[in-house]
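Student: I have a chain to go through. Can you walk me through it?

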Amino acid sequence: MPTSRIEHDFLGERSLPDTAYYGIQTLRALENFDITGIPIKNEPLFVQALAYVKKGAALANKELGVLPANIADAIAAACDRVAAGEFDNQFLTDMIQGGAGTSVNMNANEVIANVALEIMGHAKGDYQYCHPNNHVNCSQSTNDAYPTAFRIALNNKLVGYRETLGALADAFAQKGEEFRDILKMGRTQLQDAVPMSMGDEFRAFATNLREELLRIDDSRRLIDEINMGATAIGSRINAPTGYPELVTEHLRTITGLNLSLAGDLFEATYDTGAYVQLSGVLKRTAVKLSKICNDLRLLSSGPRTGINEINLPPLQPGSSIMPGKVNPVVPEVVNQTAFYVIGADLTVTMAAEAGQLQLNVMEPVISFALFTSISYMTNACRTLREKCVVGITANKEHAESLVRNSIGIVTQLNPVIGYEASADIAKEALKTGKSVHDIAVTERGLLTQEKWDEIFTFENLIRPVFMK
């Protein structure tokens with residue numbers, strides 16, 4: 001039969017299954033916070049980061065003589081196992097919770113304490129040998145441990161997102177090279193503008209997204225600053241002299257990140273500006289990505305009654321009633337992902353603004369919003385690249401015919417015959433359906449066929465050279 005153990009806190013006693021590595025405070029959180037149904041174990045990088053923080057603290061406390069070596073070593077060994085993912089299923093608290101993240105911090109403290117106890121040869125819950133608060137949480141508060149772990153996890157999560165976004169930009173650049181010799185019509189306000197290369201259009205998509213890689217790097221630099229050692233409000237209460245600097249040094253070694261200790265720990269404990277910055281970057285990229293998907297949907301529209309310059313890979317039937325219909329489902333799902341991320345940015349904004357005095361207690365919802373947005377954006381970029389962009393093909397002849405029959409090419413004639421004459425040709429072409437060429441060359445003789453051929457070469461259409 002399953003056995004149980006009794007644990008207590010200052011509110012009373014509770015029974016826990018002896019198989020559980022978490023303790024009484026985690027149990028209370030499970031009872032109190034049934035909000036998203038998404039436990040922190042779903043963000044394994046966050047669990048890993050919590051273990052990194054606890055290990056760094058244990059090593060610093062050992063070095064400063066605050067923790068006995070045998071306890072610190074057991075904690076560090078337990079943290080290594082937690083960081084490796086061995087106990088992810090014990091991190092069950094909801095991502096959104098009251099208490100500024102105290103439940104997450106205690107979930108980590110309790111799991112690590114009980115793993116350490118087993119390493120030391122003791123039973124779970126025998127906290128006289130390794131206590132969640134006295135030992136695992138030594139020289140810490142939720143208010144420095146939670147945000148430090150959050151920032152470490154964000155940094156590591158952004159690595160994968162950056163790689164995926166970069167790969168998507170590269171896919172657009174490759175299409176730009178593939179389509180470099182395809183002539184098409186550029187459009188402004190959904191109206192014919194002037195000719196361009198389809199390659200330039202797709203290279204511009206790549207450039208547009210590559211700009212965001214730099215913004216991610218900027219955001220990561222802000223997140224590198226931590227407040228470890230600030231403890232409750234920034235005064236370093238209950239932390240030994242030299243601890244903030246030493247624990248930061250240990251965390252740099254453990255994580256491989258360029259972490260730095262904030263210069264003003266009071267300010268750093270309540271400030272959430274770095275999260276607002278990162279959220280804004282995610283929103284900015286989402287807006288750009290959504291615009292690109294809008295373009296892909298327009299360019300592939302039709303096939304008989306739309307622009308139809310490109311073909312997106314057909315992935316699934318598009319209608320339960322209209323046979324043969326295929327929809328641009330991947331750009332559509334990326335659009336919807338972008339809408340979510342844009343909304344999550346408002347959540348981060350409101351949560352950051354809700355800080356009061358020496359602490360912002362809304363950090364759990366900020367972490368939920370940012371972790372979710374990064375995950376969704378990573379998935380969207382990968383899906384768009386793999387299931388859409390790499391399989392796009394061009395309808396070259398159709399795209400070029402749209403250019404030749406367009407009235408927009410009359411703009412090329414401005415330097416030769418003047419704006420008013422060009423506008424008059426455009427007006428007649430619109431009214432009669434005649435081509436710009438027939439009106440300008442054949443009927444009005446405003447320029448010779450030779451001059452027309454000189455103006456309307458492929459190279460001059462996509463890289464116009466001023467000529468009179």
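Tutor: First, a note on the annotations: UniProt positions are given in the numbering used here, feature names are shortened, and annotations may be inferred rather than shown by experiment. This is a predicted model, where local features need pLDDT of at least 70 and side-chain atom pairs count only at pLDDT 80 or more, while totals for chains, interfaces and linings use all residues. Residues are numbered from 1 along each chain as its sequence is written, and side-chain values use heavy atoms, with hydrogens and water left out.

Student: Which residues does UniProt list for "domain: Fumarase C C-terminal"?

Tutor: Residues 409–462, from an unreviewed entry.

Student: What about the core, which residues touch the most other members?

Tutor: Phe46, Ile75, Phe172, Leu296 and Leu384, in the largest nonpolar core, which has 109 residues. Such a core is a set of buried (under 20% relative accessible area, 1.4 Å probe, protein chains only) Ala, Val, Leu, Ile, Met, Phe, Trp, Tyr and Cys residues joined through side-chain atoms within 4.5 Å. H6 gives the largest share of this core, 14 residues.

Student: Where is Gln174, and is it buried or exposed?

Tutor: Gln174 sits in helix H6, residues 142–178. Gln174 counts as exposed (over 50%) because its relative accessibility is 54%. Its C-alpha atom is 8.4 Å from that of Phe202, 28 residues apart along the chain.

Conventions
Helices (H or I, at least four residues) and strands (E, at least two) are DSSP runs, numbered from the N terminus.
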